[in-house]
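Dear colleague,

Please find below the structure that I am handing over to you, with its sequence.

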Amino acid sequence: MEAAVAPTRDARGRAASQSGSGGEKNPPERKVYMDYNATTPLEPEVIQVVTEAMREAWGNPSSPYPAGQKAKDIIDAARGHLAKMVGGRPQDVIFTSGGTESNNLVIHSAVRHFQLTRVAERAGATPHLVTCTVEHDSVRLPLEHLQKERVAAVTFVPVSKVSGQVEVEDILAAVRPATCLVTVMLANNETGVIMPVAAISQRIKALNQKRAASGLPVILLHTDAAQALGKRRVDVEDLGVDFLTIVGHKFYGPRIGALYVRGLGELTPLYPMLFGGGQEQNFRPGTENTPMIAGLGKVSLAELGQGKQAAELVTKNGEAYEAHMRDVRDYLEERLLAEFDKQRIHLNSRFPGTERLPNTCNFSIQGPQLQGRVVLAQCRTLLASVGAACHSDQDDRPSPVLLSCGVPFDVARNALRLSVGRSTSRADVDLVVQDLKQAVARLEGQPGTRDAS
């Protein structure tokens, strides 16, 4: 049975020493994880603080006695660190179960606000929302549901086949009198392409001044920053957004999320989807998950603020993380082009002049038998995916994201998405490229590559 190596520096070192030990006839094959866009492992410091919180901060944060107040202090400190990571205020951050809830909460709030404010007479009775064709399912599907139920109208703006981005002018052209929300992801999870959110914000802000004078609803702007956090600088002031979605397990934190709301409940409306005990300023009620929040913020229980949080690690080390991942990703693409015939390798995530995440490489090895899932099934070292993890049940259908970006059908069907992490090395890249070469050779029946029976 093969043993998967956990994608951390310590685990990788242990696995290397085990595979070279003397007593094993068949040492486990080493695995190299390159699916960091799907999820990241917990940092050791985060594991420690989650464990401590489970043991020490078990009290209800709403309770007045010491155990409850300790939990409340941890949550408050975590909120502050998270706000600092995105350049916002602590009081503008609420904790959620994850990115899906945060995104749904934003969409729900925009529609609800339109319905409750008396703008329908001028703008039209049905709220209108604008997004792009490559959004994550947690944005796309609730919008499609609203459209199907005739609760709202939605415009899905296509991305450019030249840049892979949604164009600012196309977003503005989609705006109607009843438009109440524009939601555009900050970075695409499959291609890594960075969307022009700040430029969209500037245009929306200018447009809102004219709309206010005409009595039309203000257009709110939301960005899902799940993929960008931990890989590049994210600042809500620079972006100019009203809402920003945060997902912990994309930057070595636990599987919970948060939502930044500019001037929460004052400048920017937010309407709860749940009703209960009034936690999170009544916007997201339910007893807070203290250990997971502690991990997201990674607060030292011994001395609040002394330890490093998942969020704080990003704040302090973000530039170093970004530089390392870019170096390894670029080396990966160089090795792919060097080891395979350049005519066979199609780098799906490279768009001239377009910025992308430093860790993401989406590529196809062209050939009739080399569909992405088939190649991965033959790999013995590489742990990766063909695209978004939430589309893992879609067989050999090409990624709609790649097709939207202009990647040809047969090329998109062969796509693999490799995403590197903080601890991925050039040596890992060498192992992966060799593994891919052998997998392709086996699929094409080249001599000397058939598995022993």
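This is a predicted model: local features need pLDDT of at least 70, side-chain atom pairs count only at pLDDT 80 or more; totals for chains, interfaces and linings use all residues.

Salt bridges

The structure contains 25 salt bridges. Side chains of opposite charge can pair when their charged atoms come close. Three of these pairs are described here.

The pair to begin with is arginine 422 and glutamate 43, whose closest N and O atoms are 2.8 Å apart.

Another salt bridge links arginine 55 with glutamate 56, at 3.4 Å from N to O. Is glutamate 56 buried or partly exposed? Glutamate 56 counts as partly exposed, because its relative accessibility is 36%, and buried would require a value under 20%.

The remaining pair lies within a helix. Arginine 335 and glutamate 339 are both part of helix α11 (residues 310-339), where they are four residues apart, about one turn of the helix. Their closest N and O atoms are 2.8 Å apart, and the two form a salt bridge. This contact is part of a network: salt bridges with shared partners connect Arg335, Glu339, Asp430 and Lys437. With a relative accessibility of 28%, glutamate 339 is partly exposed.

Strand β3 covers residues 128-132, and five of its five residues are buried. In a regular strand the side chains alternate between the two faces of the sheet. In β3, His128, Val130 and Cys132 point one way, whereas Leu129 and Thr131 point the other way. Residues on either side of β3 are buried.

Which strands pair with β3? Strand β4 (residues 153-157) runs parallel to β3 and is joined to it by five bridges. Within this pairing, cysteine 132 has valine 157 of β4 as its bridge partner. Strand β5 (residues 179-183) also pairs with β3 in the parallel sense, over three bridges. Here histidine 128 stands opposite threonine 179 in β5.

With kind regards

Note on methods. Residues are numbered from 1 along each chain as its sequence is written. Side-chain values use heavy atoms; hydrogens and water are left out. A salt bridge is a side-chain nitrogen of Lys or Arg within 4 Å of a carboxyl oxygen of Asp or Glu. Buried means under 20% relative accessible area, exposed over 50%, partly exposed in between (1.4 Å probe, protein chains only). Helices (H or I, at least four residues) and strands (E, at least two) are DSSP runs, numbered from the N terminus. Two strands pair if DSSP finds at least two bridges between them.
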